[in-house]
Amino acid sequence: MAWTWFHKLGSPPYVYKLAATLTPWFAWIAAALMAYGLIGGLVISPADYQQGEGYRILYVHAPTAWMSLQVYVVMAVASAVALIWRIKVAHAVAAACGTMGATFTACALATGSLWGGPMWGTYWEWDPRIIFELVLLVQFLGYMGLRAAVDDTQRADRICAVLAVVGVINVPIIHYSVEWWNSLHQTASVMKLGSKPTMPLSMLMPLLSMFFGYVFLFGALLLTRLRAELLSRERSASWIRDVVRA
Amino acid sequence: MNGLIEYLDMGGYARYVWPAYVIVIAAIASNILMARRALRRAREAALRRVAAKGTSAEVPSQVGNAQ
């Protein structure tokens, strides 16, 4: 019976109701974490000894960049689950990811450019990590475009799922790009296996708070978009009558 | 007042720091609005389908690119 929860997650009405219940919780947790992250990052944390106040872009740049990868992983895993077990809900989850992924990726590139301006002396550099992040943006946009271009939902689901799964190769490339190639980006200072973050707590706490704030924000947005997807996919289900009129 | 101006100046990095925050906050706000609008439209469409025809109504629609 341990697998009942898994089967329930394949049931659109159950997922719809669960998403509706969870969304406000995710949203409020996100708001609280991001409020602390903003105040901590902009006011409480000290200036950097090398970059002065300019380093504060970190608090919006690093979490958006992490999230761009996370959203892609969620999209790819949902696509794989959908392909392997033929679960419709999983296709809907993947479909809900596209816009948010593109947004986070574009934000990571834009804030990175604004950070690179004063610190590296250039707004744009053909740095490995930047190139592959740009590729990620193209992947998200391509995914969305492909979905919009294929009229038949089931066909669009399958084609897009394959595209998403194949494209996941770019995620480790972006993460390890700073180690594999000479990069203007610094190597990891928070997520390093087997060692502590090389960052003082007063800087790390707001950063982690922002990061988890984004995770919950993504959760709330994903659940909202998932509900929209489920409603428009279930053409003739009687449960729609219950949930929509409720 | 001077303290505030000095703070807003961000040690001379104001023109990099503030646009970065504005971009991200605007992106988050627009994503929240887009997601809510997608749900509202899907609900309205579902309501119309349910109202139009009992239990089954096969209405083709753009799925997956709901904005």
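I begin with a term: the axis of a helix is a line fitted to its C-alpha atoms, over the stretch in contact, and the angle between two axes runs from 0 to 180 degrees between N-to-C directions. I also note that this is a predicted model.

**Entry 1: H5 and H6 of chain A**

I looked up helix H5 (residues 128–149) and helix H6 (residues 153–167) of chain A. They pack at an angle of about 170°, and their axes are 9 Å apart. Angles over 145 degrees count as roughly antiparallel, so H5(A) is roughly antiparallel to H6(A). Next I listed who makes the contact. H5(A) brings A:Gln139, A:Tyr143, A:Leu146 and A:Arg147. H6(A) brings A:Ala156, A:Ile159, A:Cys160, A:Leu163, A:Ala164 and A:Gly167. I sorted these residues by class and got seven nonpolar, two polar and one charged.

I kept one general rule beside this list. An α-helix has 3.6 residues a turn, so residues three or four places apart point the same way.

**Entry 2: H3 and H8 of chain A**

At what angle do H3(A) and H8(A) pack? I found about 40°, with the axes 9 Å apart. H3 of chain A covers residues 58–85, and H8 covers residues 201–233. The crossing is right-handed. From H3(A), the contact uses A:Leu58, A:Tyr59, A:Ala62, A:Pro63, A:Trp66, A:Met67 and A:Val71. From H8(A), it uses A:Pro206, A:Leu207, A:Met210, A:Phe211, A:Tyr214 and A:Phe218. By class I have 13 nonpolar residues, no polar ones and no charged ones.

**Entry 3: A:Met210**

Is A:Met210 buried or exposed? The cut-off for buried is 20 or more other C-beta atoms within 10 Å. A:Met210 has 26, so it is buried. Leaving out residues up to four places away in sequence, A:Met210 touches A:Met34, A:Gly37, A:Gly41, A:Tyr59 and A:Pro63. I had already met A:Tyr59 and A:Pro63 in the H3(A) contact. I also checked A:Lys8, which is 202 residues from A:Met210 along the chain. Their C-alpha atoms are separated by 32 Å.

**Entry 4: chain A as a whole**

I counted nine helices and zero strands in chain A. The radius of gyration is 20 Å, close to the 18 Å that the globule rule gives for 246 residues, so chain A is as compact as a globular protein of that length. Along the principal axes, the C-alpha atoms fill a box of roughly 60 × 35 × 30 Å. Buried residues make up 43% of the chain's 246 residues. I then took the contacts with a separation of 6 or more. Residues 24 or more positions apart account for 78% of them.

Chain B has two helices and zero strands. Of its 67 residues, 24% are buried. How many residues of H1(B) are buried? The count is zero among the eight residues of this helix, residues 2–9, so I note it as hardly covered. Just after H1(B), B:Met10 takes a positive phi of about 50°.

Last, I looked at where the chains meet. The contact takes 35 residues from chain B and 41 from chain A. On the chain B side I found 25 nonpolar, seven polar and three charged residues.

Terms used. Residues numbered from 1 in each chain as written. Chains lettered and ligands numbered in written order. Predicted model: local features only at pLDDT ≥ 70, side-chain atom pairs only at ≥ 80, totals over all residues. Helix = DSSP H or I, 4+ residues; strand = E, 2+ residues; numbered from the N terminus. Buried ≥ 20, exposed ≤ 12 C-beta atoms within 10 Å, placed from the backbone. Contact = placed C-beta atoms within 7 Å. Nonpolar A, V, L, I, M, F, W, Y, C, P; charged D, E, K, R; others polar. Left-handed = near helix turned anticlockwise from the far one by under 90°. Rg over C-alpha atoms; globule rule 2.2 N^0.38 Å. Parallel < 35°, antiparallel > 145°, perpendicular 65-115°, else oblique.
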